[in-house]
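Okay, thanks for coming, everyone.

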Amino acid sequence: MHGLLRRASAICGYSAYNPAIVERARSCFEVVGSREGARQMYAGASEYDRMEAVRNRDALCLSLASKFPMVVRP
């Protein structure tokens with residue numbers, strides 16, 4: 001999820017991104033290791049790209065913001 005929302009945050013231009021989520025992802029990254037952590041981040045970013053390929057970017061950005069209000073703000 002973090003990779004997906006991180007990618008969306010950069011593309012959608014959300015006004016806020018929850019720093020607690022970033023810290024949690026960082027601690028998970030340490031537990032699973034850098035190779036697996038990087039693989040998961042890329043997988044999440046790719047998931048955003050797949051979703052954007054079939055949906056309008058603006059609609060996708062609004063949808064993600066409404067599904068994850070504890071993480072991002074439009």
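So, which element gives the most to the lining of the largest pocket? That's α2, with eight residues. Keep in mind that this is a predicted model, where local features need pLDDT of at least 70, side-chain atom pairs count only at pLDDT 80 or more, and totals for chains, interfaces and linings use all residues. Residues are numbered from 1 along each chain as its sequence is written, and side-chain values use heavy atoms, with hydrogens and water left out.

By pocket I mean an open set of points on a 1 Å grid over the protein atoms alone, where a 1.4 Å probe fits and there's protein on both sides within 12 Å along at least five of seven lines; lining residues have an atom within 4 Å of a point. The largest one holds about 470 Å³ of space, the volume being what probe spheres set on the points fill, with points joined across faces, edges and corners. Of its 17 lining residues, His2, Gly3, Ala25, Cys28 and Met41 are the closest to the centre. The elements giving two or more residues to that lining are α1 (2–12), α2 (19–32) and α3 (34–54); helices here are DSSP runs of H or I, at least four residues, numbered from the N terminus.

On to confidence: pLDDT is the predictor's own, per residue, from 0 to 100. The chain's mean is 89, and 100% of its residues reach 70 or more. Confidence is lowest in α2, at a mean of 84, and highest in helix α4 (residues 57–67), at 94.

Now the cysteines. Searching the whole structure turns up one disulfide, meaning a pair of cysteine sulfur atoms within 2.5 Å. Cys12 and Cys61 form it, with sulfurs 1.9 Å apart. It ties together distant parts of the chain, Cys12 in helix α1 and Cys61 in helix α4, 49 residues apart. The S-S torsion is about -80°, so this disulfide is left-handed. Both Cys12 and Cys61 are buried, that is, under 20% relative accessible area with a 1.4 Å probe, protein chains only; exposed is over 50%, partly exposed in between. Cys28, at 40%, is partly exposed.

Last one: Ser9, in helix α1, is buried at 17%. Leaving out residues up to four places away in sequence, Ser9 touches Tyr14 and Tyr17, a contact being heavy atoms within 4.5 Å.
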